[in-house]
Amino acid sequence: MQGVYIAGTGMTRFGRQLDRTIRSMTEEAVTEALADAGAQPGDVEFAFFSNAVAGAITGQACVPGQAALRHTGLLGTPIVNVENACASGSTAVTMACTQLLAGAVDIAIVVGAEKLSHPDKRRSFAAFSTGYDQDEPPSFTSAQSAAGRSVFMDVYAHLARDCMRRSGATVEDFAQVAVKAHHHGSLNPKAQYGDVITVADVLSSREVVDPLTLLMCSPLSDGAAALVLANERGLARLEAQPVRVLASTLVSGTDRRTGDETAVQRAAARA
């Protein structure tokens with residue numbers, strides 16, 4: 001079976017960018033990825049555009065990928081829009097890998113783009129409220145509405161407290177995760193945050209929902225990234241320095257019972 005390879009990558013700076021549209025960020029990431037792969041738009045046979053909540057911010061629904069890619073030279077190429085919450089980008093990559101392994105196409109592009117910031121932060125938080133089961137909403141939604149924050153901060157805090165009860169994890173352990181993430185950001189000039197921080201910095205930042213402090217919480221961010229993927233036939237048409245994709249797996253979460261494997265554990269085992 002042929003392999004799948006990352007032939008080119010591109011990304012914008014990430015951060016609160018009120019002056020930028022999702023189209024402009026997509027165009028920047030796509031242009032950079034195609035150049036990195038030594039490809040032209042006409043070489044691409046399939047495009048996957050992934051996004052979660054920008055439609056709620058911008059009002060662009062139904063054809064977000066077609067709109068964002070309109071002036072990239074990719075219009076007319078099959079474009080599939082992928083919406084799968086925080087897994088939208090990785091889901092799009094898995095779908096592209098499936099196409100390439102099947103030999104249906106030889107070169108594909110995957111774009112992940114998000115527009116979360118809005119002058120009225122309440123609109124950004126409201127967009128996140130579309131990301132849970134509306135028929136069976138989390139019990140935290142009323143508290144979130146009163147607090148004026150994303151409901152997922154309450155969901156994550158609940159999960160953190162549950163983890164602490166089950167495993168003996170401490171708030172310092174969660175602080176170490178933030179320290180690690182900020183260190184990784186310091187290695188990427190396009191990351192939203194590039195400061196190196198300490199556990200003390202994390203623990204002394206403002207509490208959002210016990211046990212989570214501000215530096216443990218995901219920020220609102222705007223940005224885009226793109227990958228040009230190819231199988232071996234496609235690579236022969238490009239001027240690339242490829243990286244092979246050894247595995248890409250996708251599972252869905254469940255209404256997990258105590259002791260069940262998490263979605264992360266199941267996906268990792270399959271990979």
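## First stop: V228

Select V228 and show what surrounds it: leaving aside neighbours within four places in sequence, V228 is in contact (heavy atoms within 4.5 Å) with Y5, I6, A7, G8, A33, L34, A37, I107, A108 and I109. Before you go on, note that this is a predicted model, in which local features need pLDDT of at least 70 and side-chain atom pairs count only at pLDDT 80 or more, while totals for chains, interfaces and linings use all residues. Residues are numbered from 1 along each chain as its sequence is written, and side-chain values use heavy atoms, with hydrogens and water left out.

Buried means under 20% relative accessible area, exposed means over 50%, and partly exposed lies in between (1.4 Å probe, protein chains only). Helices (H or I, at least four residues) and strands (E, at least two) are DSSP runs, numbered from the N terminus.

Next, show the strands as a cartoon. In what order do the 6 strands of the open sheet run? The order is β3-β2-β4-β7-β1-β8, with mixed pairing; two strands pair if DSSP finds at least two bridges between them. The edges are β3 (79-82) and β8 (243-245), each with a single partner strand, so one side of each has no neighbour in the sheet. On average, neighbouring strands are turned by 30 degrees against each other, direction ignored.

Zoom in on β1 (residues 4-11), which pairs with β8 in the antiparallel sense over 3 bridges. Select I6 there, and you will find its bridge partner V243 in β8.

Then bring in α1 (residues 22-37), which packs on the sheet and touches β1, β2 (46-50), β4 (107-115) and β7 (222-231). The direction of α1 makes about 135 degrees with that of β1. Such axes are lines fitted to C-alpha atoms, for helices over the stretch in contact, and angles run from 0 to 180 degrees between N-to-C directions. Helix α4 (residues 88-102) lies across β1, β2, β3, β4, β7 and β8, at about 165 degrees to β2.

## A113

Pick A113 in strand β4. Is A113 buried or exposed? A113 is buried, with a relative accessible area of 4%. Its contacts, not counting residues up to four places away in sequence, are I22, T26, F49, S50, N51, G223 and A224.

## Helix α7 and the cysteines

Move to α7 (residues 151-167), where V151, F152, M153, D154, V155, A157 and A160 are buried. Just after α7, G168 takes a positive phi of about 85 degrees.

Last, colour the cysteines. How many disulfides (pairs of cysteine sulfur atoms within 2.5 Å) are there? The count is 0. The sulfur of C163 is 16 Å from the closest cysteine sulfur, in C217, which is too far for a bond. C217 is in no disulfide either, with the nearest cysteine sulfur, that of C86, 14 Å away.

Terms used: A disulfide is a pair of cysteine sulfur atoms within 2.5 Å.
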